[in-house]
Amino acid sequence: MKIAKEMGLETVAVDADPKAPCVGCADRFEKVDLKDKEGMEAFALSLKENGGLSGVMTAGTDFSATVAWTAEKLNLPGISFEAALNASDKERMRRRFKEAGVPSPEFIIVTKIISELPFPFPAVVKPVDNMGSRGCRRVDTPDDLKIAVPDALKYSRSGRAIVEEYMEGPEFSVDALVYKGEITICGLADRHIFFPPYFIEMGHTIPTDIDAAKADALLSAFRAGVRALGIDNGAAKGDIKLTPKGPMIGEIAARLSGGYMSGWTYPYASGVLPTRGAIQIAMGQKPDSLVPQKTWTCAERAFISIPGKVRSIQGLNKAKAIPGVKDLFMRIGEGSRVSFPENNVSKCGNILSAAPTREEAAKSAETAIRSILIRLEAHDDATDSFLAAPPADVPAFPPDTFVITPEIKGLLADLPDSNLKAPLGQLAIIPFPAFISSSLKDYVGRGVEESLDAVRLITGLALPLLQASPGREAASGALGRSFWAALIRGGYQGAVYYLDNLGLGKL
């Protein structure tokens, strides 16, 4: 909307929620459900008949079908309604790809629980018509399948889920503008996906650092997918994997991306505004100013939390002040309920940084997210359940991340437990040398020492390490086995929560 205003255009925002983000940026707001294509058509017609309407578009939301329906009915520029359905419904999408020979996985459509597949495990289950990885997970066994299908169906507006072959390999995002069939690529980014069996994007880095031949192969497959879906006049956003068999299309949407790429990270890296081009296409104009003006790198990184209720957040100003940081987007505040992410809409926030080199951009963003410290309310059932859950019952962390492995569990058993009979100022930590000296990190990259420093900062306690580890009986005022178990399981948040539950953390 800001870009449209800079172009001298009047903007009208439409949503079912009059308090939707950025409503105030528009010149006018109208309450219309985005799923109500006939209602959208009627409102758009009233605009056209009372002052004029040059175009209709969306960015970052899966309502391209409503946009296409409205544009088609009012004879405005855009893709066909059929093409928009192809790009919105994963069953139609896979069938179009298969008919056109576009590389994509084998699949089946289900409406109820199943326990067998016509292709080997592993597989991926997801709703046919949702976004943000809601209800999407990897399955490795028939038992996994029985759990995943009902969850996917819950998130499907049409009551259908798709089960498809799992594609091994790194994942990439691509944005493009399409004008009268001519496809202009507006960025190819590396996606950073973690926490299986879910697919949580903890960030992306643009441009990709893969070699030119592999990038060309990915983009060739993407262009073929765009044409197969019939996207000939608008925008296209794709998720692609580079598998041992070559590029394979995850999915392609008929819109610009929703994960900061089109609106922020590609512009920071290249100086180009894809949104401006998309507005021009929606008005029937050929997009201009699409040639990159610079070759910087932009890194987007997410920060997350273990489950619970937010008591306080520290470090926001520190994060924003780090050189290279461009934006900090918060999704939570004090009092918010948070959960360890199972989809891409349950993260706590995002940091965007830009720099001349990839290393500088990544370092700025990753340093910034580690500066943000989220303290949870004590005595919360969700936090308790997360900290007590065995590793098999929680999302898998990346390699070299804090986790209570059988080896760590055995070493923990040898530590004396906490003995808290001492004034707060005398509290100390029993050393855990095998863990402290490891290269393990928490779920956003903090090492052991950095995590301990975060605990000290939040609680206001000095918490020095004891110079000599006591025997099986802990010295008075020593934090031992239970403290370390909370830190390993829940990072700095788990350790602070442990102290707060005991009434030891300062306000």
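**N75 sits in the loop between α3 (64-73) and α4.** The model is predicted: local features are given at pLDDT of at least 70, side-chain atom pairs at pLDDT 80 or more, and totals for chains, interfaces and linings use all residues. Residues are numbered from 1 along each chain as its sequence is written, and side-chain values use heavy atoms, with hydrogens and water left out. Helices (H or I, at least four residues) and strands (E, at least two) are DSSP runs numbered from the N terminus. N75 is not a glycine, yet its phi is positive, at about 60°. The residue N75 is exposed, with a relative accessible area of 71%. Here buried means under 20% relative accessible area, exposed means over 50%, and partly exposed is in between (1.4 Å probe, protein chains only).

**L463 also has a positive phi, near 45°, and is a residue other than glycine.** Its loop runs between α15 (448-459) and β19 (478-479). L463 counts as buried, at 1% relative accessibility. Most residues other than glycine have a negative phi, and most peptide bonds are trans.

P122 belongs to the loop between β3 and β4. P207 is placed in the loop between β9 (200-206) and α7 (212-229).

**Four strands make an open sheet in the order β3-β6-β4-β5, with antiparallel pairing.** The edge strands, each pairing on one side only, are β3 (107-110) and β5 (137-139). Two strands pair if DSSP finds at least two bridges between them. On average, neighbouring strands of the sheet are turned by 25° against each other, direction ignored. Strand β4 (residues 123-127) pairs with β5 in the antiparallel sense over three bridges. V124 has R138 in β5 as its bridge partner. Helix α5 (residues 90-100) packs on the sheet and touches β3, β4 and β6 (161-165). The direction of α5 makes about 155° with that of β3. Axes are lines fitted to C-alpha atoms, for helices over the stretch in contact, and angles run from 0 to 180 degrees between N-to-C directions.

**Helix α4 (residues 81-88) packs with α5 at an angle of about 100°, their axes 5 Å apart.** The two helices α4 and α5 are therefore roughly perpendicular to each other. On this scale, angles under 35 degrees are roughly parallel, over 145 roughly antiparallel, 65 to 115 roughly perpendicular, and the rest oblique. The contact (heavy atoms within 4.5 Å) is made by E82, L85, N86, A87 and S88 of α4 and by K90, R92, M93 and R96 of α5. Three of the contact residues are nonpolar, two polar and four charged. Ala, Val, Leu, Ile, Met, Phe, Trp, Tyr, Cys and Pro count as nonpolar, Asp, Glu, Lys and Arg as charged, and the others, Gly among them, as polar.

**D27 and K5 meet through their side chains in a salt bridge, 3.7 Å from N to O.** The pair links distant parts of the chain, 22 residues apart: D27 is in the loop between β1 (12-15) and β2 (28-31), and K5 is in helix α1 (residues 2-6). D27 is partly exposed, with a relative accessible area of 44%, and K5 is partly exposed at 37% relative accessibility. The structure holds 31 salt bridges. A salt bridge is a side-chain nitrogen of Lys or Arg within 4 Å of a carboxyl oxygen of Asp or Glu.

**R191 and E171 form a salt bridge of 2.4 Å, N to O, between their side chains.** R191 is in strand β8 (residues 182-194) and E171 in strand β7 (residues 171-179), so the pair ties together parts that are 20 residues apart in sequence. Both residues, R191 and E171, are buried. A network of salt bridges links E171, R191, E201, K237 and D239. K237 is part of strand β10 (residues 234-243) and is buried, with a relative accessible area of 14%. Leaving aside neighbours within four places in sequence, K237 is in contact with residues including S173, D175, F222 and E251.

**The side chains of R375 and D500 are joined by a salt bridge of 2.8 Å, N to O.** R375 lies in strand β17 (residues 373-376) and D500 in helix α16 (residues 481-501), so the pair ties together parts that are 125 residues apart in sequence. R375 counts as buried at 4% relative accessibility, and D500 counts as buried at 9%.
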